[in-house]
Amino acid sequence: MTRYETFEQPSPQAGKAKQSGLRIIDGGAAAQAERVPMPPPGLLAHAPQELAADMATLFVMGLVRDLPLSALADPHAEIVLDHGVRFTLSELLCELRSLPWFDAETPEEDWRQLDDAAHARRRAALDPTGQLTLASLFRCGVSQSCSGKASGLLAADRKIGTPEGPCDAPAETAPLSDFVLWAGRHAGAGLGLPGLTPQQPAARSLHALADQIEATPIGRVYYNAAFDALARGVRFDSGMPVGGASWSAGRLFALMAEAEKRARAMSLTLAADRDRLSRPAVTAARLSVTLSREDVDDPVDARALAAAAGLLERFAPRLMHWMTCAHRNPRRPLSMSHALFLPLLGPNEHPPHPADLAPAVLTAGALATVMKAVFNTTTRHVACAAMHRAHDGSLGAELDLLASQCGLARAVKATHYPAENHRELRLGQAIALGLLRDRLEADNRAAALHLRDFDGATLRLRATQRRFGRAHVSLTRDGVSVPFCPEMGGRASPVLTAVV
């Protein structure tokens with residue numbers, strides 16, 4: 001902390017009064033400017049139109065859980081339920097498209113009451129032409145991330161040793177060997193020898209993919225991916241300072257460790273919020289009761305729930321029928337006309353606890369952003385941008401795909417809403433951008449980091465060196481200057497850098 005003291009000195013001119021001044025006695029402009037910790041975000045506003053769309057999406061995810069991943073892009077892929085009930089992905093998509101939230105022809109005045117975040121979630125659910133497609137349905141908040149297979153990073157994941165649980169990372173100036181040992185103790189991650197390290201079997205269905213992600217610490221997958229990228233010689237971003245020893249593998253892992261720590265803390269804060277949205281399983285049960293015209297005394301969000309139930313009944317009646325058919329059991333006849341309970345489970349399968357997957361998306365968003373910024377995962381060349389959109393297996397594309405499939409797992413397990421997946425990915429990104437900004441400011445060197453965000457736009461963090469200790473860092477999005485996310489916090493207090 002910088003401290004100041006006043007002083008008096010004799011005037012150089014005889015007969016004049018003493019001169020007073022202010023002297024900086026320690027710290028100065030080079031002192032660290034601490035930032036206010038990122039506060040928890042506000043409540044997620046769920047309009048009835050979005051609630052109906054989110055629940056319908058979770059219903060679809062439950063119905064297609066046993067489809068092979070390679071069939072998710074085939075509109076003619078068929079889902080077969082008991083009692084000879086059959087329908088295709090195309091028919092499911094038509095039911096979703098009929099809902100106002102996904103209908104491109106819904107008048108704009110119907111969305112005036114929505115906040116900016118809700119508008120962004122609706123745009124993310126549609127393709128560039130404003131249509132809901134199979135690709136946009138399964139990308140879970142990440143632009144152009146749909147794939148017919150599990151993420152290559154998830155398939156290459158391995159567990160090395162016996163992890164002891166979360167522990168503090170070494171200082172960023174520590175040698176890489178210290179981080180190898182730390183990653184093993186912290187998450188069971190580490191360097192793998194080609195051909196000698198066992199890998200995970202590739203998941204073939206949505207259900208298998210969700211089970212694999214639920215059983216895997218997501219942080220470990222990203223740490224293993226960072227080790228593999230370093231072993232393959234993937235270069236750091238070309239905008240880093242030439243000869244800058246501060247940007248090393250140690251700093252990368254230190255940033256990732258801090259990002260994971262903050263993401264997990266944020267996820268616990270969100271999960272402990274007493275005013276958060278009811279879990280999808282609870283909402284599905286309430287919808288079943290409401291649509292079955294049962295008398296129930298449930299004042300919690302009764303108006304919004306009734307409005308969402310009305311939208312589902314009016315615009316997606318066949319989807320409601322298919323969900324009810326999926327719950328039919330000859331040994332236990334249904335006592336309700338509508339059975340929309342979530343999650344849909346197989347024989348001898350137990351429902352997941354929402355806490356098991358709570359930190360997955362926030363952690364994935366934060367760690368993916370750090371790695372995309374530090375490694376050279378994007379360029380300004382048109383040809384490379386096209387390759388990135390095609391998902392040719394590059395590191396940036398795989399990082400986004402894994403983050404997307406973390407959200408997909410939560411949707412299949414029905415532990416979180418699609419709106420929560422969209423928001424938490426961007427909260428994780430905000431955490432990572434805040435850490436990167438702080439490091440660039442402290443370095444006080446000219447530098448630039450480039451990455452693609454989860455909406456497909458190119459972000460650029462540019463640090464400009466200043467003479468008084470800390471760099472000025474600006475953020476641009478597709479070449480347009482934008483402010484840093486306000487949720488990342490501001491300076492704790494003004495910093496006095498000069499006294500005249």
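These exercises work through pockets, cavities, strands, rings and backbone features of one predicted model.

The model is predicted, so local features need pLDDT of at least 70, side-chain atom pairs count only at pLDDT 80 or more, and totals for chains, interfaces and linings use all residues. Residues are numbered from 1 along each chain as its sequence is written, and side-chain values use heavy atoms, with hydrogens and water left out.

**Exercise 1. The largest pocket**

Task: Give the volume of the largest pocket and describe its lining.

Solution. 
- Step 1. On a 1 Å grid over the protein atoms alone, a cavity is a set of points where a 1.4 Å probe fits but cannot get out. A pocket is an open set with protein on both sides within 12 Å along at least five of seven lines. Lining residues have an atom within 4 Å of a point. Grid points are joined across faces, edges and corners, and a volume is the space filled by probe spheres set on the points.
- Step 2. Read the volume. The largest pocket has about 1200 Å³.
- Step 3. Find the lining. It comprises 40 residues. Nearest the centre lie Ala120, His422, Arg426, Asp455 and Arg477.
- Step 4. Assign elements (DSSP runs numbered from the N terminus: helices are H or I with at least four residues, strands are E with at least two). Helix H3 (116–125), helix H16 (418–443) and strand S7 (472–477) give two or more residues to this lining. H16 gives the most, with seven residues.
- Step 5. Sort by class. Ala, Val, Leu, Ile, Met, Phe, Trp, Tyr, Cys and Pro count as nonpolar; Asp, Glu, Lys and Arg as charged; the others, Gly among them, as polar. The pocket lining divides into 22 nonpolar, six polar and 12 charged residues.

**Exercise 2. The largest cavity**

Task: How many cavities of 30 Å³ or more does the structure hold, and what lines the largest cavity?

Solution. 
- Step 1. Count. There are four cavities of 30 Å³ or more.
- Step 2. Take the largest cavity. Its volume is about 280 Å³. Of its 20 lining residues, Arg121, Ala125, Cys140, Gly141 and Pro418 are closest to the centre.
- Step 3. Name the elements. Helix H1 (48–63), H3, helix H4 (134–137) and H16 each supply at least two lining residues.
- Step 4. Split by class. The cavity lining has 11 nonpolar, five polar and four charged residues.

**Exercise 3. Strands around Arg477**

Task: Which residues stand opposite Arg477 in the neighbouring strands?

Solution. 
- Step 1. Pair the strands (at least two DSSP bridges between them). Strand S6 (residues 458–464) and S7 run antiparallel, joined by six bridges. S7 also pairs with strand S8 (residues 480–482), in the antiparallel sense, over three bridges.
- Step 2. Locate the partners. Leu459 stands opposite Arg477. In S8, Val480 is the bridge partner of Arg477.
- Step 3. Check the turn. The hairpin of S7 and S8 has two residues between the strands, and Asp478 there takes a positive phi near 55°.

**Exercise 4. Rings and charges**

Task: How are Phe87 and Trp322 arranged, and which charged residues lie over the faces of Phe454 and Phe484?

Solution. 
- Step 1. Rings of Phe, Tyr and Trp (its six-membered ring) pair if their centres lie within 6.5 Å; planes under 30 degrees apart count as stacked, over 60 as edge-to-face and the rest as tilted.
- Step 2. Search. Phe87 and Trp322 are stacked, at 4.3 Å centre to centre and 15° between the planes.
- Step 3. Phe87 lies in strand S4 (residues 86–88) and Trp322 in helix H12 (residues 317–326), so the pair ties together parts 235 residues apart in sequence.
- Step 4. Phe87, at 1% relative accessibility, counts as buried. Trp322 is buried too, at 5%.
- Step 5. Look for a cluster. Ring pairs link Phe179, Trp182, Tyr223, Phe227 and Phe253.
- Step 6. Lys372 lies over Phe454, 4.3 Å from the ring centre. Arg437 lies over Phe484, at 4.8 Å.

**Exercise 5. Backbone features**

Task: Where do Cys140 and Asn444 lie, and which residues does the cis peptide bond join?

Solution. 
- Step 1. Cys140 has a positive phi near 55°. Its place is the loop between H4 and helix H5 (152–155). At 12% relative accessibility, Cys140 is buried.
- Step 2. Asn444 has a positive phi near 50°. Asn444 sits in the loop between H16 and strand S5 (447–452), and is buried at 11%.
- Step 3. The cis bond joins Leu342 and Pro343, with omega about -5°. Pro343 belongs to the loop between H12 and helix H13 (360–374).

Key: Buried < 20%, exposed > 50% of the residue type's maximum accessible area, 1.4 Å probe, protein only. Lys NZ or Arg CZ within 6 Å of the ring centre and 35° of its normal.
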